[in-house]
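Reader: I am new to protein models. Could you show me how to read one, feature by feature?

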Amino acid sequence: MAPQLDTYYKTVDSLAEDFIERLRKAVAIPSISAEEARRQDVVKMGLFLKGELEALGAHMEARPLGKQPGKEHLELPPAVIGRYPAKKDESKRTILVYGHYDVQPADLSDGWATDPFTLTVDDKGRMYGRGSTDDKGPVLGWVNVIQSHQKAGIEFPVNLLMCFEGMEEYGSEGLDDFIEAECKPGKFFADADAVCISDNYWLGTEKPCLTYGLRGCSYYSIEISGPGQDLHSGVFGGTAQEPMTDLVRVMGSLVDTDGNIQIPGIKELVAPLTKEEESLYKDIAFTMDNLYESLGSQTSIFPDKERTLMGRWRFPSLSLHGVEGAFSQPGAKTVIPAKVIGKFSIRTVPDMQPDDVDALVFKYVKQVFADLKSKNKLNVHLQHSGKWWVASPKHWNFTAAAKAVESVFKVKPDLTREGGSIPVTLTFEQATGKNVLLLPMGSSTDAAHSINEKLDRRNYIEGIKLLGAYLHYVAEEPTEG
Ligand SMILES: C[C@H](N)C(=O)N[C@@H](Cc1c[nH]cn1)C(=O)O
Ligand SMILES: [Zn+2]
Ligand SMILES: [Zn+2]
């Protein structure tokens, strides 16, 4: 074990209640990036984070990112960047960590058992609240690592660079250019030796993993309009062509019940599966019961773990997300919506190029709509896209993280890919030219993006130990390997 880790672990345990309190304060700020009305709360959350780190002596800056593309009246929340210790120690490695302080939308009426913005801890140590696992718990993890070192009187093992954003759940608007600029010689992130991101989840509930791949995400909207205003369906039903009817038919043509994407040409963009790669999946510690537990049902597409994991990591998927302008309240409103906007996204994988995917999507959607011979008007466009990422796990950054997992959890981690997307991962890799590691804190049952999102107390507290131990092992790892 790296020297002093035992003292560090005990100190983390002794501060556990303070760390939960810090998470409680963060969850109470509804920093929903997708909702315009919440923009001030997103900013508030960024400033809260900055304040917590400044109180621990970090050098912090809130950097403006300009206006939100397509919503020029709206300022993007700042990139909160920092350095700890405030003055660089030239003899130590420099690790750049990234996380996001915005969250997905949440409302009690969606079906939450408790208020989503009140951290609620049950008797099993499950800490419920929007952002608890995605990504406030892991982001605060770094704050807690610093505090624990100070309390334990242990020298901080590395130079820590931090980059926390407030638009990740909305396609990381504005961040790519900022990262690229700040990775240039002499700029804030220029000295990074490696990057670590904690913003994903274990495959199950017991065994940590290190993640070396992510799917990309291309997010589209289909707008169909016709009448000049919403209409009474008793008066106009049977007289006007209805946008919602067309939209349902177009959206229904995108994917089948077993997840097969119906857009011609998409499958052909996917890198062929090799025999060697296929064999990797059988050794991964994952069972169909893990899936059923996190699904909350047994409605899986495949009956076996290999095809399930490939469906999540290795192949593209298309999901329908919702319809803007459609009636969605309880009750029985009888209005014909004049304009509806359907939302769907495609999770992309090697070797799919986003531009090629866009071209196939636009062509197909326009063709399906044309086949309807509707007099309504169609508009299809890309809202945002981020590319997939696959890295080498044979790097000292991963070796250090594996040692940290063994030290804290007494097991070897699984090496996994991930079905979700963190678009800036690839940006960090390309802009720094360094290895990027994903080191998750939460578990498969955390329900990120869903109702009743939670982070287990164990994952939070042991996760803080893990992040700190990782920095100690990183400091010790030889450059090769
Ligand atoms: C994995 C990460 N915690 C996450 O949830 N990422 C989002 C990012 C996103 C939003 N639009 C496109 N990508 C996700 O995978 O949905
Ligand atoms: Zn996230
Ligand atoms: Zn998320």
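Author: Let us begin with Asn 452, which counts as partly exposed because it has 19 C-beta neighbours inside 10 Å. The rule is that a residue is buried if 20 or more other C-beta atoms, placed from the backbone, lie within 10 Å of its own, exposed if 12 or fewer, and partly exposed in between. Before we go on, note that this is a predicted model: local features need pLDDT of at least 70, side-chain atom pairs count only at pLDDT 80 or more, and totals for chains, interfaces and linings use all residues. Residues are numbered from 1 along each chain as its sequence is written, while chains are lettered from A and ligands numbered from 1 in the order in which they are written.

Reader: Where is Asn 452 found?

Author: Asn 452 sits in the loop between β19 (436–438) and β20 (454–456). Helices (H or I, at least four residues) and strands (E, at least two) are DSSP runs, numbered from the N terminus. The backbone of Asn 452 also has a positive phi of about 55°, although this residue is not a glycine.

Reader: Which value does phi of Ser 172 come near?

Author: Phi of Ser 172 is near 55°, again a positive value in a residue other than glycine. Ser 172 belongs to the loop between β8 (159–165) and α5 (175–182). With 25 C-beta neighbours inside 10 Å, Ser 172 counts as buried.

Reader: Now let me zoom out. How many helices and strands are in the chain?

Author: The chain has 14 helices and 20 strands. Its radius of gyration is 23 Å, close to the 23 Å that the globule rule gives for 481 residues, so the chain is as compact as a globular protein of that length. Here the radius is taken over C-alpha atoms, and the rule is 2.2 Å times the number of residues to the power 0.38. Along the principal axes, the C-alpha atoms fill a box of roughly 80 × 50 × 50 Å. Of the 481 residues, 46% count as buried.

Reader: And what do contacts tell me about the chain?

Author: Two residues are in contact if their C-beta atoms, placed from the backbone, lie within 7 Å. Among contacts between residues at least 6 apart in sequence, 80% join residues at least 24 apart.

Reader: Which domains does the assignment give?

Author: The chain is assigned domain 1 (5–215 + 388–476) and domain 2 (216–270 + 315–386); such bounds come from an automatic or database domain assignment. Their contact takes eight residues from domain 1 and nine residues from domain 2. The C-alpha centres of the two domains lie 34 Å apart.

Reader: Why does ligand 1 lie between the domains?

Author: Domain 1 and domain 2 both give residues to the shell around ligand 1, so the ligand lies between them. A residue is near a molecule if its C-beta atom, placed from the backbone, lies within 6 Å of it. Of the 14 residues around ligand 1, Asp 134, Asp 199, Cys 217, Gly 420 and Ser 421 come nearest. Both α4 (132–152) and β11 (216–225) supply at least two residues of this shell.

Reader: Which classes make up the shell around ligand 1?

Author: The shell has four nonpolar, five polar and five charged residues. Ala, Val, Leu, Ile, Met, Phe, Trp, Tyr, Cys and Pro count as nonpolar, Asp, Glu, Lys and Arg as charged, and the others, Gly among them, as polar.

Reader: Where does UniProt place the feature "binding site"?

Author: An unreviewed UniProt entry places it at His 100, Asp 134 and Asp 199. Although spread over 100 residues of sequence, these three cluster in space, with a largest C-alpha distance of 8.1 Å. UniProt positions are given in the numbering used here, feature names are shortened, and annotations may be inferred rather than shown by experiment.

Reader: Is His 100 buried or exposed?

Author: His 100 counts as buried, because it has 30 C-beta neighbours inside 10 Å. This histidine is in strand β5 (residues 94–100). Leaving aside neighbours within four places in sequence, the contacts of His 100 include Phe 164, Glu 165 and Asp 199. Asp 199 lies in the loop between β9 (194–197) and β10 (209–214) and is likewise buried, with 26 C-beta neighbours inside 10 Å.

Reader: What kind of peptide bond joins Asp 134 and Asp 135?

Author: The bond between Asp 134 and Asp 135 is a cis peptide bond, with omega about 5°. Asp 135 is placed in helix α4. A cis peptide bond also joins Pro 350 and Asp 351, where omega is about 0°.
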